[in-house]
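Subject: Structure for you to look at

Hello,

Please find the sequence and the structure below. My notes on what was found follow after it.

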Amino acid sequence: MRKLLLLLFLLAISFSFAINVLIPVGPTVVAFVGLMEKKVTSEVELKIDFWRTLDQVSAQIAAKNVDLIVLPVSIGASLYSKGIDLKLAGVILWKAFYVVTKDFDLADLKTLSGQEIYTPQGKGQTGDVLIRYLLETVGLKPDVDAKIRYATPPEIVSLMSAGKVKVAVLPEPYVTLALKQAQARIEYDLQELWSHYTQLPARVPITGLFVAKNLDEATLHKAMTAIENSLKYAMENRHEVAALSVPHLGGMPAQIIEESLTRTLYEYKRASEVASEVIQYLKITQQVDPSAMPSMPDEKFFAF
């Protein structure tokens, strides 16, 4: 009996020291599958779980049972502005979004006048912010000169396959899926357009790693190092990572995932290192959709 109690006690201690990491359901799993499948080691135990809704994220933070959360940078900043105890530790995804078309010749962005443009999920999301900003930059009014429509990425690919969508803004791996299933083509790399019009590097702070608890610096550094190594593993071992990711992506073909990684950039950059790029992106988010970014975060938003 004593041995059983001792074992349970040791297990409880071990569990309590695990770093709870919450990541979104979907393509981001490829960046973490190295850790999940023990292909990448970590000096601290990382317990990786998934979130599906922002309500779930808020509840987990309020209950103080999550340490690190992966979120779109704009969503994390919006939650921070609402008083949620969340700080940006670093940006992990920089390249994923493209304009794809089917049976439509897109000579330049002004050709989008009079068109419907489909983009994932809703207002304030990365694809929505980017296309609205770019339309405004070339003199088109979003929702007036060009209609923005929303659907999930799989729905957009299905509609494009059926010939019901001509223009879409999609992230990988759904870009590759559209190329294969809908015979679509890539018209623009949105990261390159972003660079052209902002004079910033050809990358966008899409997804960030956020700290939801006051972890000690040594523990946090170990967790961040493990996550950084997992990102490197994804970029350097595309074939293996694609195969490992299939069960986590609803059976999406490994070939699709592998090709999509050639047009994706996962790279860990500390928040302080890229703060100016993040602020510029958030200012543009506020410009195109004030409701998505009611107020800009202060310097405390950046963990370090």
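**The six-stranded sheet**

Six strands make up an open sheet of mixed pairing, and their order is S2-S1-S3-S10-S4-S11. This is a predicted model, in which local features need pLDDT of at least 70 and side-chain atom pairs count only at pLDDT 80 or more, while totals for chains, interfaces and linings use all residues. Residues are numbered from 1 along each chain as its sequence is written, and side-chain values use heavy atoms, with hydrogens and water left out.

A few terms are needed from here on. Helices (H or I, at least four residues) and strands (E, at least two) are DSSP runs, numbered from the N terminus. Two strands are said to pair if DSSP finds at least two bridges between them.

At the edges of this sheet stand strand S2 (46-51) and strand S11 (265-270), each with a single partner strand, so one side of each has no neighbour in the sheet. From one strand to the next, the twist averages 25°; axes are lines fitted to C-alpha atoms, for helices over the stretch in contact, and angles run from 0 to 180 degrees between N-to-C directions.

Strand S1 (residues 19-24) and strand S3 (residues 68-72) run parallel and are joined by two bridges. Leucine 22 has isoleucine 69 in S3 opposite.

Two helices pack on this sheet:

- Helix H2 (residues 29-36) touches S1, S2, S3, strand S4 (87-95) and S11, and its direction makes about 150° with that of S2. Contact here means heavy atoms within 4.5 Å.
- Helix H4 (residues 73-81) touches S3, S4 and strand S10 (207-211), and its direction makes about 115° with that of S3.

Seven of the nine residues of S4 are buried, so the strand is largely enclosed by the rest of the structure. Buried means under 20% relative accessible area, exposed means over 50%, and partly exposed lies in between (1.4 Å probe, protein chains only).

S4 runs antiparallel to S10, with five bridges joining them, and antiparallel to S11, with four bridges. Valine 91 has a bridge partner in each: glycine 208 in S10 and lysine 269 in S11.

Is lysine 269 buried or exposed? Lysine 269 counts as buried, because its relative accessibility is 18%. Leaving out residues up to four places away in sequence, lysine 269 touches Gly90, Val91, Trp94, Arg203 and Val274.

**The five-stranded sheet**

A further open sheet has five strands in the order S7-S6-S8-S5-S9, with mixed pairing. Its edge strands, strand S7 (147-151) and strand S9 (185-189), each pair on one side only. Here the twist averages 30° from one strand to the next.

Strand S6 (residues 116-120) pairs with S7 in the parallel sense, over five bridges. Glutamate 116 has lysine 147 in S7 as its bridge partner.

Helix H6 (residues 153-161) lies across strand S5 (97-101), S6, S7 and strand S8 (167-171), at about 145° to S8. Helix H7 (residues 174-181) lies across S5, S8 and S9, at about 135° to S8.

**Helices H9 and H10**

Two packed helices are described by the angle between their axes and the distance between the axes. For helix H9 (residues 217-236) and helix H10 (residues 238-245), the angle is about 105° and the axes are 6 Å apart. H9 and H10 are therefore roughly perpendicular to each other. Angles of 65 to 115 degrees count as roughly perpendicular, under 35 as roughly parallel, over 145 as roughly antiparallel and the rest as oblique.

Tyr233, Ala234, Met235 and Glu236 of H9 meet Arg238, Glu240, Val241 and Leu244 of H10 in this contact. By class, the contact of H9 with H10 has five nonpolar, three charged and no polar residues. Ala, Val, Leu, Ile, Met, Phe, Trp, Tyr, Cys and Pro count as nonpolar, Asp, Glu, Lys and Arg as charged, and the others, Gly among them, as polar.

The buried residues of H9 include Leu220, Ala223, Ile227, Leu231 and Tyr233.

**Histidine 248**

Where is histidine 248 placed? Histidine 248 is in the loop between H10 and helix H11 (254-260). With a relative accessible area of 29%, histidine 248 is partly exposed. Histidine 248 touches Val29, Val33, Met36, Glu37 and Phe50, not counting residues up to four places away in sequence.

Regards
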